[in-house]
Amino acid sequence: MADIYVFIGPPGAGKGTVGEMFCEKTKAVHVSTGDILRQEMAAGTDLGNKVKGIIAAGGLVSDDIVAEMVENRLKKDDIVANGCLLDGFPRTVPQAEALKGILQRTNHRMAAVVLIEADNEMLITRLTSRRMCSNKACGAIFNIIAMPPKKEGICDRCGAKLYQRTDDTREAALNRLDVYAKQTAPLIDFYEAEGNLVRTTSTNDTPEVNFARLMDALKK
Ligand code: ADP
Ligand code: ZN
């Protein structure tokens, strides 16, 4: 039985960034449904082709598709051994209900649900100025305002080209924030009622400061 952590928060709150730090420290496996879907799109699989229009518009992929993806992932040996961080799942109340069944079937336990809250204006700025490394093995994330690469358009860590996610345009970002408020924010009440919600805030401080605040909230 392994520990499963869930990070919930609006797009741009830094779930991916502090999530990586969390996994490095705890050895939990980082499972980002957004990353899995982007890999499927890049590889041009049937699933990838099916979801790319929805993702580019900032909408949500169907609950059944992501729930199946997560269940398959949670059965793998690395997670059975080290547990995992779910980043970006669940995102709707039906997904949270589905997760309960998934945890029972895969024999894992929910260790905590971390809610990362942040100011809306900061989120819009962060999302539209975010740039990603195109080298999947690297996965570095930059921000042309807060954390610009030394050389424009090039990853400091590995030298690969940077790109902007199709859903980081202003229009798609605004839609994602709206989808979050309508479909994901209700999860806060859901997990509050279950009694395992831990709250933290993401600010304009460095990722290290935000991470320390999160670990403090988790008392880890
Ligand atoms: P962010 O948290 O920055 O919005 P993610 O990388 O988690 O981005 O997800 C990108 C997109 O992938 C989402 O906007 C959505 O279209 C799709 N997606 C990811 N996870 C889920 C999920 N659990 N349910 C439905 N759609 C999802
Ligand atoms: Zn890189």
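The exercises below work through a predicted model, each with a stepwise solution.

Residues are numbered from 1 along each chain as its sequence is written, and chains are lettered from A and ligands numbered from 1 in the order in which they are written. Local features need pLDDT of at least 70, side-chain atom pairs count only at pLDDT 80 or more, and totals for chains, interfaces and linings use all residues; side-chain values use heavy atoms, with hydrogens and water left out.

**Exercise 1. The zinc site**

Task: find which atoms coordinate the zinc ion (ligand 2), and classify the site.

Solution. 
- Step 1: collect donors, meaning N, O and S atoms within 2.8 Å of the metal (3.2 Å for Na, K and Ca); water is not among the atoms, so sites may look incomplete.
- Step 2: check the angles. Four donors count as tetrahedral if all angles lie between 85 and 135 degrees. Here the angles run from 100 to 112°, and the site of the zinc ion (ligand 2) is tetrahedral. The ideal angle for four tetrahedral donors is 109.5 degrees.
- Step 3: read the spacing. The donor residues follow C-x4-C-x16-C-x2-C.
- Step 4: Helices (H or I, at least four residues) and strands (E, at least two) are DSSP runs, numbered from the N terminus. Cysteine 133 sits in strand 5 (residues 130-133), and cysteine 158 in the loop between strand 6 (141-143) and strand 7 (162-163); the two are 25 residues apart.
- Step 5: assign exposure. Buried means under 20% relative accessible area, exposed over 50%, and partly exposed in between (1.4 Å probe, protein chains only). Cysteine 133 is buried at 6%. Cysteine 155 is buried at 3%. Cysteine 158, at 35%, is partly exposed.
- Step 6: The whole structure has zero.

**Exercise 2. The nonpolar cores**

Task: find how many residues the largest nonpolar core has, and which of them have the most contacts inside it.

Solution. 
- Step 1: apply the criterion. A nonpolar core is a set of buried Ala, Val, Leu, Ile, Met, Phe, Trp, Tyr and Cys residues joined through side-chain atoms within 4.5 Å.
- Step 2: count. The largest core has 32 residues. Those with the most contacts inside it are Ile8, Leu74, Cys84, Leu86, Phe89, Leu99 and Tyr191.
- Step 3: find the main contributor. Helix 4 (residues 63-74) gives the most, with six residues.
- Step 4: look for another core. One of 20 residues lies apart from it, with Ala13, Ala112, Leu123 and Phe211 among its members.
- Step 5: inspect cysteine 84. Contact means heavy atoms within 4.5 Å. Not counting residues up to four places away in sequence, cysteine 84 touches Asp3, Ile4, Tyr5, Ala28, Val29, Val31, Leu74 and Ile79.

In soluble globular proteins, nonpolar side chains tend to be buried together.

**Exercise 3. Aromatic pairs**

Solution. 
- Step 1: set the rule. Rings of Phe, Tyr and Trp (its six-membered ring) pair if their centres lie within 6.5 Å; planes under 30 degrees apart count as stacked, over 60 as edge-to-face and the rest as tilted.
- Step 2: check burial. Phenylalanine 190 is buried at 15%, and tyrosine 191 at 1%.
- Step 3: look for a cluster. Ring pairs link Tyr5, Phe7 and Phe22.

**Exercise 4. Backbone exceptions**

Task: find where a cis peptide bond occurs, and describe the positive phi values of lysine 27 and asparagine 107.

Solution. 
- Step 1: recall the background. Most residues other than glycine have a negative phi, and most peptide bonds are trans.
- Step 2: The bond joining phenylalanine 89 and proline 90 is cis, with omega about -5°. Proline 90 lies in the loop between strand 3 (84-87) and helix 6 (93-106).
- Step 3: Lysine 27 has phi near 70°. Lysine 27 is in the loop between helix 1 (15-26) and strand 2, and is exposed at 57%.
- Step 4: continue. Asparagine 107 has phi of about 60°. Asparagine 107 is in the loop between helix 6 and strand 4 (109-117), and is partly exposed at 43%.

Key. Tetrahedral: all angles 85-135°; square planar, octahedral: opposite > 155°, others 65-115°. Disulfide = S-S within 2.5 Å.
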